Amino acid sequence: MPQAQDPGSTVFFKLTIDGQDLGLFNGCDGLASEVEVEQRQEGGNNGFVWQLPTRVTFSTIRLTRPLTADTSRVAAWISSLATGISRPTAQIAALRADGSVVAQWGLVEVLPVRWQGPTLDPASPGVATETLEIAHHGFTDAGGA
């Protein structure tokens, strides 16, 4: 009988922009959306207040990892904005240590909004990390997991 894999064993995230692999990240934060609600009171209805959805907002997503050779791919993507902004689709896949997919998220019209490189200070040795922050206009079907 095959043994079920523990979904809690997710250890890294793969970022793909329009099919181009930007590498693996070990941290992902900000996969979230929020529906803004407007309240309307109806005359004669004292049992409840109408909760009407207005707009959906999406938080920026922050991906972190130690510096790797893939850092140059991220730099190339950010540098390409100088020749004109295009808003491609993206995919983030949560992967187990064996490379199998736990979950996937498709993102519509992504844009890199911040990149932070490592602090290179010999007085405080540590792992050199980078953080990529991307904005998007919503989630889309990422294909089957």
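1. A salt bridge is taken here as a side-chain nitrogen of Lys or Arg within 4 Å of a carboxyl oxygen of Asp or Glu.

2. On the basis of the comparison, the model is a predicted one, in which local features need pLDDT of at least 70 and side-chain atom pairs count only at pLDDT 80 or more, while totals for chains, interfaces and linings use all residues. Residues are numbered from 1 along each chain as its sequence is written, and side-chain values use heavy atoms, with hydrogens and water left out.

3. Arg65 and Glu130 form a salt bridge through their side chains, at 2.6 Å from N to O. This pair links distant parts of the chain, 65 residues apart, with Arg65 in strand S6 (residues 61-66) and Glu130 in strand S10 (residues 129-135); strands are DSSP runs of E, at least two residues, numbered from the N terminus. Arg65 is buried at 1% relative accessible area, and Glu130 is buried at 0%, where buried means under 20%, exposed over 50% and partly exposed in between (1.4 Å probe, protein chains only).

4. The side chains of Arg40 and Glu38 also meet in a salt bridge, at 2.5 Å from N to O. Here Arg40 is partly exposed, with a relative accessible area of 46%, and Glu38 is likewise partly exposed at 31%.

5. A further salt bridge joins the side chains of Asp70 and Arg73, at 3.4 Å from N to O; Arg73 is partly exposed, at 33% relative accessibility.

Methods
Helix = DSSP H or I, 4+ residues; strand = E, 2+ residues; numbered from the N terminus.
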